[in-house]
Amino acid sequence: MPYKLDHLDRALLRALQQDASLSQRDLAERVGMSQNACWRRLHALRSAGVLQGQTVLLDRTAIEMDLTVIVLVKTRHHAKEWLDNFKKVILSIPNIVDFYRIAGEYDYMLKIIARDMNAFDAIYRKMIENIDIDTVTSYMAMEAIADNRPLPL
């Protein structure tokens, strides 16, 4: 059952999505509540699983991970054994940062972040050498217009 968010929970979550490094005092001040009330709400949101950790966004250019590739996969296999192997192989490749089962013409969608085309090619080869795939279609992103946007609350 979904957690019932009120306007203060939403304000806290919006502020955290903008800057998760805010101190509890700054966060409470930003949303107009006491530190104790802020702590209680954060604790409740964590306990309910609404808050699931804290991460840092990295500048991909600064760390030389400039290539973003969206990969669509079509398969003729739908047995549990094939899917288990597929998941195992995909999840073993750290450059695959998003992995979805989708509806439509293709069965799966992957978002891959790589240093360059040679690095992507090595990832691609690892995928096709270890998984029986029917069709793989790749789209190279030329520009990130909107990436890692906050959820609308």
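Tutor: Strand β2 (residues 96-101) is joined to β3 by five bridges, and the two strands run antiparallel; strands here are DSSP runs of E with at least two residues, helices are runs of H or I with at least four, both numbered from the N terminus, and two strands pair if DSSP finds at least two bridges between them. This is a predicted model, in which local features need pLDDT of at least 70, side-chain atom pairs count only at pLDDT 80 or more, and totals for chains, interfaces and linings use all residues. Residues are numbered from 1 along each chain as its sequence is written, and side-chain values use heavy atoms, with hydrogens and water left out.

Student: Which residue in β3 is the bridge partner of I96?

Tutor: I96 belongs to the range of β2, residues 96-101, and this strand runs antiparallel to β3. The partner that I96 has in β3 is I112.

Student: How many bridges join β1 to β3?

Tutor: β1 and β3 also run antiparallel, and within this pairing I70 stands opposite K111 of β3. The number of bridges that join β1 to β3 is seven.

Student: How many of the seven residues of β3 are buried?

Tutor: Buried means under 20% relative accessible area, exposed means over 50%, and partly exposed lies in between, with a 1.4 Å probe and protein chains only. Over the protein chain, buried residues make up 29% of the 153 residues. Strand β3, residues 108-114, is mostly covered, and its count of buried residues is six.

Student: Is E64, which has a positive phi although it is not a glycine, buried or exposed?

Tutor: Most residues other than glycine have a negative phi. E64, with a phi of about 55°, is found in the loop between α3 (35-47) and β1 (67-74). Because its relative accessibility is 53%, E64 counts as exposed.

Student: What phi does G104 take in the hairpin of β2 and β3?

Tutor: This hairpin has six residues between its strands. There G104 takes a positive phi, with a value near 120°.

Student: What radius of gyration does the protein chain have?

Tutor: The radius is taken over C-alpha atoms, and the globule rule is 2.2 Å times the number of residues to the power 0.38. Along its principal axes the C-alpha trace spans about 55 × 40 × 25 Å. A compact globule of 153 residues would have a radius of gyration near 15 Å, whereas the value for the protein chain is 20 Å.
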